[in-house]
Amino acid sequence: MTNTAADNGVSLEVLGQCTTNTTQGSQHDAKVEYRHLWSFAQQAALIAVSDKSLSDGCYRLIQDPERRAKRIAANYADLYFKSAEKSKGQLQFYWPALAAFVVKDIVEAYRFSREEVLQREWNSAASIARNNVGADIGSLAMSGDSPYQHVLRTYAALAKGNLWLFMDIHPWLWFFLEYGINADGSLNKKRIEACQAERDWDTFQIASKEAVEELPFGPHWLDRLKQRLSDDPVFKAAEKYFDSAPVWSSGEGYGQQVAAEFSAHRYCRTHVKEYDNGYRTPPSKYWGKFQEAYYIMEAEHTELKRVAEDRAALAALTKCRHFAGTAAVSRAYELMVKGHASGDREEKKSFQKLELVAIAEQEQINVLQPLIYNDAFLTATMDMNHRFSRMTGGWLSPQFKVIYSFAPANKDPSLEAVFDAPTGLRDRFKSKVKSLPNQKDRMEFVGQIARNFNRLMDERRSYMDGELRKIQGWLDA
């Protein structure tokens, strides 16, 4: 897999096209090392979130975080089903099944951000309350940021966390599936034990290493982002509509400011696609419906500039990018080996549930906490949204929850886990509430999610498998 840092994204070419022996008709025995296998495992994750071009055969990263999220959810579901198939029923990965539902909900979060906030459509009482001037003033008074900044902040954090978590965890599981389970369903225990310490981005095959290096929110991508923010011709042209001080007219009350806003919004909607190339948030194809496109672009510039200059976040990402083994990963591998060896159905279930806990620790504490949740600005946004959600029962701001279905919503409380749900009317307005970015509060919620998931997998397995098959259908999304 070679990598070209082009302005229109990153070109990912399939590994194996390079020539390894230039003497025609001769043979050469090549030693395959663990670093090569880990390169292939990383390549599998990269290809999963890329499209193959018919013109040149190259894989290019899907720039739309929403489409990427569908692919990621589908690949988690795929690992769940394929592990049972390849192991002849002796082992079935468990965490990926839960992860598929969680990422499916991220897809819905993206949609809500676009259609319910950024489009500012007045199609329901909730949207009117959420999008009126009073809500804007309240947001500025409470946090100093506009609703657009809050929603773009969340959108970008989800895009970053979802992609890089997949880059970390999918290869761990794919490697176990591909190289740890033999064709007859047995395990290659020596390989499983020896491989863990060998995963290191620094030792990847050069093309795989460079492909990872160019991914969104990495140092090279952020450098290009800074330049694009500085050069953005669409934003610069739209700004010129406000060069003159506003002069309000009499009569109907429409003045220069209103005309400038209208023209700037229209200009941004019309020309946004001319300067996208994978850096717009959200991607430019959605902007045609954004009524206040200029103000959204203004907020986008403010938020993405903050992201590009966040040195602590970049340091956390570059550390995560090494994909070093952890105690949590070792524990998960050990539990999967034990689950495979066990002949008792209930004991297998207990190992599965412990595997879920181990990988959840890797997911939440080792990856997502430093990657996105240590961001004080994101914490402020999520805490404000949670307070509104608690007070209004999810009416003004969506609840943080996991829904165990392919559908983005349901009316069955037994099929969802809600974060810090109030116990009654008075509890909705209490002064101290939990915070999802807080590691302790979030891990308590993860425990709640896992208990509900375990119950449904025990009592309604055919239903859960059916919903996971639907999510698996996003493999070609």
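R280 is buried, with a relative accessible area of 7%; here buried means under 20% relative accessible area, exposed means over 50%, and partly exposed is what falls in between (1.4 Å probe, protein chains only). The model is a predicted one, so local features need pLDDT of at least 70 and side-chain atom pairs count only at pLDDT 80 or more, while totals for chains, interfaces and linings use all residues. Residues are numbered from 1 along each chain as its sequence is written, and side-chain values use heavy atoms, with hydrogens and water left out.

R280 sits in the loop between α11 (256-271) and α12 (293-308). Helices (H or I, at least four residues) and strands (E, at least two) are DSSP runs, numbered from the N terminus. The side chain of R280 makes a polar contact of 2.8 Å with the side chain of D232. A polar contact is a pair of N or O atoms within 3.5 Å; within protein, one must be able to donate a hydrogen and the other to accept it, and residues adjacent in sequence count only if both atoms are side-chain atoms. Setting aside its neighbours within four places in sequence, R280 is in contact (heavy atoms within 4.5 Å) with D232, V234, V272, Y275, M297, E300 and H301.

Now for the other partner in that pair. D232 belongs to the loop between α9 (219-231) and α10 (233-239), and D232 is buried too, at a relative accessible area of 2%. Besides its link to R280, the D232 side chain has a polar contact of 2.8 Å with the side chain of H301. With residues up to four places away in sequence left out, D232 touches Y275, R280, M297 and H301.

Some of these names come back around F235, which is found in helix α10. F235 counts as buried, at 11% relative accessibility. Its contacts, again not counting residues up to four places away in sequence, are Y294, M297, E298 and H301. F235 and Y267 are 32 residues apart in sequence, yet their C-alpha atoms are 9.1 Å apart in space.

Y295, found in helix α12, counts as partly exposed at 22% relative accessibility. Leaving out residues up to four places away in sequence, Y295 touches Y148, F242, Q257, E261 and H265. One of these, H265, is 30 residues from Y295 along the chain, and the two C-alpha atoms are separated by 7.6 Å.

On a 1 Å grid over the protein atoms alone, a cavity is a set of points where a 1.4 Å probe fits but cannot get out, and lining residues have an atom within 4 Å of a point. The largest cavity is lined by 14 residues, with P65, A159, G278, R280 and T281 nearest its centre. The elements giving two or more residues to this lining are α2 (65-86) and α6 (147-180), and α6 gives the most, with three. The lining divides into nine nonpolar, three polar and two charged residues. In that count, Ala, Val, Leu, Ile, Met, Phe, Trp, Tyr, Cys and Pro are nonpolar, Asp, Glu, Lys and Arg are charged, and the others, Gly among them, are polar.

Two helices can be checked for length. The expected span of a helix is 1.5 Å times one less than its number of residues. For the 17 residues of α16 (residues 376-392), that should be 24 Å, and the end C-alpha atoms are 24 Å apart, which agrees. D375 caps the N-terminal end of α16, with a side-chain oxygen 2.9 Å from the backbone nitrogen of F377. The buried residues of α16 are L378, T381, M382, M384, H386, S389 and R390, and α16 is followed by G393, whose phi is positive, near 65 degrees. Helix α3 (residues 95-118) has 24 residues and reaches 33 Å from its first C-alpha to its last, close to the 34 Å expected. α3 is mostly covered, with 19 of its 24 residues buried.

Across the protein there are 18 helices and six strands, and buried residues make up 51% of the 477 residues.

Notes. 1 Å grid on protein atoms, 1.4 Å probe; cavity = no way out; pocket = protein on both sides within 12 Å on 5 of 7 lines; lining within 4 Å.
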